[in-house]
Amino acid sequence: MTPGARRALAAAGRLFYERGIHAVGVDLIAAEAGVTKKTLYDRFGSKEQIVVEYLADRDERWRAFLAPRLAAAPTPAARILAVFDASRDWADAHLVKGCSMVNAHAEISDAAHPAYPIITGQKAWMLALFTGLAEEAAPGRGARLGRTLMLLHEGALVAHGLHVFPDAVDQAREDAEVLVGAVAE
């Protein structure tokens, strides 16, 4: 990716997250990135593709942030809690307005939109992660426990982004710890 394209993607990501996908046009992205609209269209082809790349980049950065924390956790239960710990740290640094995928879905609910599979794929990946970890922690109970952990996690991210109450992710982590302890016994 060229330096101009990287600047454009960074500007688009910041603007989409801060203002909303529909509120941001290619003129603003180009101006913020210091590139021409022609550069944007040459590199990305369309605003829809910029949205796809913004969301894919966000998902890749989250997964890269989470991976070493999962690898360092010694047990399945610890790996489950590591997801919540990572989410708290990620939320503090990157989720002032809540989960970018949830926010994007509020604007893009059409399954035909090219960004839709990125949005739903990220959430499917999280569910599969929780389900796999839950099955390791509580064999035979992974599907239900994984769904419950996902609900705790996603609810915490929404509460964090809406500033419903402080420390939403920490509370979800505490609840997950109690739940995993009770189910794994």
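The largest nonpolar core takes in 54 residues, and F16, I29, L40, I50, L55, V83 and L149 have the most contacts inside it. A nonpolar core here is a set of buried Ala, Val, Leu, Ile, Met, Phe, Trp, Tyr and Cys residues joined through side-chain atoms within 4.5 Å, and buried means under 20% relative accessible area, with over 50% being exposed and anything in between partly exposed (1.4 Å probe, protein chains only). This is a predicted model, so to speak of local features takes pLDDT of at least 70 and side-chain atom pairs count only at pLDDT 80 or more, while totals for chains, interfaces and linings use all residues. Residues are numbered from 1 along each chain as its sequence is written, and side-chain values use heavy atoms, leaving out hydrogens and water.

As for the overall fold, the protein chain has nine helices and zero strands, helices being DSSP runs of H or I with at least four residues and strands runs of E with at least two, numbered from the N terminus. The C-alpha trace spans about 60 × 30 × 30 Å along its principal axes. Of the 185 residues, 44% count as buried. Taking contacts (heavy atoms within 4.5 Å) between residues at least 6 apart in sequence, 63% join residues at least 24 apart.

Next come α2 (residues 26–33) and α3 (residues 37–44), which pack at about 105° with axes 9 Å apart; axes are lines fitted to C-alpha atoms, for helices over the stretch in contact, and angles run from 0 to 180 degrees between N-to-C directions. The pair is therefore roughly perpendicular, the label for 65 to 115 degrees. On the α2 side the contact uses V26, D27, I29 and A30, and on the α3 side K37, L40 and Y41.

Then there is α8 (residues 142–162). Buried residues in α8 include G142, L145, L149, H153 and L157, and their cover includes α5 (76–94), α6 (100–107), α7 (116–137) and α9 (168–184). E154, also in α8, is buried at a relative accessible area of 13% and touches V102 and K123, not counting residues up to four places away in sequence. Just after α8, H163 takes a positive phi of about 55°.

Terms used:
Angles under 35 degrees count as roughly parallel, over 145 as roughly antiparallel, 65 to 115 as roughly perpendicular and the rest as oblique.
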